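This briefing is meant to be read beside the sequence and the structure. The points are grouped by topic so that each can be checked against the coordinates in turn.

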Amino acid sequence: MRITDVRLILTSPGANYLTVKVITDDGLYGLGDATLVGRELAVATYLEEYVIPMLIGRDPSAIEDTWQLLGRSAYWRRGPVHTTAQSAIDMALWDIKGKELGAPVYQLLGGRSRRGVLAYSHASGIEIAQAVDAMHEQIAAGYRAVRLQCGVPGLPSTYGVVSDESDQPRAPHEVPYEESWNTAAYLETAPKLFAAARDAVGMDVHLLHDAHHRLTSIEAAALGKSLEPYRLFWLEDPVQADDQTAFRLVRQHTTTPLAVGEVVNHLSECQTLISERLIDYIRATVVHAGGITGLRRIAAFAEPFGVRTGCHGAPDMSPVTLAAALHTGISTHNVGIQEHGRHTSTTDEVFPHAYTFADGYLDPGEAPGLGVDIDEGLAARFEYRRKYLPTTRLVDGTMWNW
Ligand code: GCO
Ligand code: MG
């Protein structure tokens with residue numbers, strides 16, 4: 001079998017998604033997610049100009065060799081644009097191999113090693129009471145783990161405080177919109193949120209929280225300590241992810257479990273975090289960390305250090321990413337949890353899929369390959385439009401991490 005064509009499909013049924021479709025002379029095709037949120041066209045150009053020409057005529061079954069070719073041929077390796085392109089091709093080749101063999105991809109990765117992949121969803125509210133109500137809704141919908149965020153008094157908007165990020169109105173952000181940030185107010189509010197949530201629900205439900213790279217290490221240490229009574233499943237991105245050694249100080253001060261890594265592109269970016277056991281969950285995911293092949297390497301490295309995976313699964317990554325993460329998750333020993341930022345119903349129609357959610361757990365399903373397709377006719381109705389992620393300034397105007 002040979003690769004004869006690789007097509008790119010840009011669509012925006014609720015969020016911007018870039019999908020690769022790798023087509024073979026056998027008539028089989030595979031899908032991969034190439035979405036790099038806010039920089040989608042950079043990946044499209046990189047694929048079109050540099051990656052696809054290398055793939056035409058290659059044997060699609062040579063997944064490892066293709067991963068190595070793409071990883072090593074660039075010379076200036078890694079980086080989000082390069083790795084997202086490599087990731088998308090990797091997913092598509094696993095999809096083709098599964099279809100060719102008539103097996104779901106997880107069977108090629110070692111088969112099931114758990115009944116389902118524990119999923120967490122999102123709940124938020126401007127006020128604490130609204131966030132607690134939203135948490136009850138998620139529990140009623142079947143989730144056993146919920147990420148909880150609320151507004152910070154005095155700030156017009158806060159990260160994560162929307163009903164669902166993909167439900168935001170599609171404003172034509174010609175420049176990134178700016179949020180403001182007040183660390184002191186946030187450090188006061190977060191423990192109150194979790195005190196109210198535990199009061200309402202007891203200890204039975206897993207609660208998670210995302211600080212989204214906003215704190216210094218001593219601030220993060222203080223937050224972790226103040227959240228200890230509420231037994232979080234994890235505190236995510238307490239400090240900026242690329243400052244691996246900053247986690248040493250956080251870790252020394254708190255027993256709140258720590259998660260980081262949604263922006264990680266390669267094992268080298270989380271090697272210290274894992275080998276020094278500075279985190280409990282690594283959030284690297286298939287779309288930005290080298291596809292299924294890249295994520296499996298990171299998970300295998302993490303296993304002996306007792307670090308489990310908790311893959312990024314915000315709704316601004318496509319159903320192809322979620323499927324690939326689930327095939328990896330169901331078959332990998334050290335899986336902790338999977339983020340399940342639910343897609344809009346239109347996105348689910350554009351990407352019909354075999355994976356399912358029930359009773360707190362996600363399952364990749366039994367369809368051959370990744371079990372996700374794309375309705376290209378429908379996809380074409382949702383035109384891509386540039387949309388930036390926001391930026392953040394501290395209250396004094398200093399540019400900060402979003
Ligand atoms: C999460 C993430 C997302 C990212 C988003 C960026 O934990 O789900 O932090 O909300 O910010 O995916 O595009
Ligand atoms: Mg996050």
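A residue is called buried here when its relative accessible area is under 20%, exposed when that area is over 50%, and partly exposed in between. With that cut-off, the buried residues of helix α10 are Gly291, Ile292, Thr293, Gly294, Leu295, Ile298, Ala299 and Ala302. The model is a predicted one, and every value below is computed from it.

**Helix α10 and the largest cavity**

- Helix α10 covers residues 291–302, and because each of its 12 residues is taken at 1.5 Å, the helix should span 16 Å, which agrees with the 17 Å between its end C-alpha atoms.
- The model holds 4 cavities of 30 Å³ or more, and the largest cavity contains about 60 Å³ of space.
- The lining of the largest cavity consists of Val117, Leu295, Ala299, Thr309, Cys311, Ala325, Thr328, Gly329, Thr332, Val335, Ile337 and Gln338; Leu295 and Ala299 are also among the buried residues of α10.
- At least two lining residues of this cavity come from each of α10, β11 (308–311), α11 (319–331) and β12 (335–339).
- By residue class, the lining of the largest cavity has 7 nonpolar and 5 polar residues, with no charged ones.

- Asp210, in strand β7 (residues 206–210), and Glu262, in the loop between β9 (258–260) and α9 (271–275), are 52 residues apart, so that the pair links distant parts of the chain.
- Asp210 counts as buried because its relative accessibility is 2%, and Glu262 is likewise buried, with a relative accessible area of 10%.

**The second largest pocket**

- The second largest pocket has a volume of about 300 Å³, and of the 17 residues that line this pocket, Trp67, Gly71, Arg78, Gln86 and His266 lie nearest its centre.
- Helices α2 (63–73), α3 (80–101) and α10 each supply at least two residues of the lining of the second largest pocket, and the largest share, 4 residues, comes from α2.
- The lining of the second largest pocket divides into 4 nonpolar, 9 polar and 4 charged residues.

**Strands and sheets**

- Strands of a sheet pair through backbone hydrogen bonds, and the pairing may be either parallel or antiparallel.
- Strand β5 (residues 145–150) is mostly covered, with 6 of its 6 residues buried; Ala145, Arg147 and Gln149 point one way from this strand, whereas Val146, Leu148 and Cys150 point the other way.
- Strand β4 (residues 117–125) runs parallel to β5 and is joined to β5 by 5 bridges, and His122 has Arg147 as its bridge partner in β5.
- A separate topic is the open sheet of 3 strands in the order β6-β15-β16, in which the pairing is mixed.
- In that sheet β6 (178–181) and β16 (399–400) stand at the edges, each with a single partner strand, so one side of each is left without a neighbour in the sheet.
- Strands β6 and β15 (residues 391–394) run parallel and are joined by 4 bridges, with Glu179 standing opposite Thr392 in β15.

**Arginines in loops**

- Arg342 lies in the loop between β12 and α12 (345–350) and is partly exposed, with a relative accessible area of 35%.
- Although Arg342 and Ser121 are 221 residues apart in sequence, their C-alpha atoms are 7.5 Å apart in space.
- Most residues other than glycine have a negative phi.
- Arg231, in the loop between α7 (217–227) and β8 (234–236), has a positive phi near 45°, and at 59% relative accessibility this residue counts as exposed.
- Arg277, in the loop between α9 and β10 (281–282), also has a positive phi, near 55°, and counts as partly exposed at 45% relative accessibility.

Conventions: Residues are numbered from 1 along each chain as its sequence is written. Chains are lettered from A and ligands numbered from 1 in the order in which they are written. This is a predicted model: local features need pLDDT of at least 70, side-chain atom pairs count only at pLDDT 80 or more; totals for chains, interfaces and linings use all residues. Side-chain values use heavy atoms; hydrogens and water are left out. The expected span of a helix is 1.5 Å times one less than its number of residues. Buried means under 20% relative accessible area, exposed over 50%, partly exposed in between (1.4 Å probe, protein chains only). On a 1 Å grid over the protein atoms alone, a cavity is a set of points where a 1.4 Å probe fits but cannot get out, and a pocket is an open set with protein on both sides within 12 Å along at least five of seven lines; lining residues have an atom within 4 Å of a point. Grid points are joined across faces, edges and corners, and a volume is the space filled by probe spheres set on the points. Ala, Val, Leu, Ile, Met, Phe, Trp, Tyr, Cys and Pro count as nonpolar, Asp, Glu, Lys and Arg as charged, and the others, Gly among them, as polar. Two strands pair if DSSP finds at least two bridges between them.
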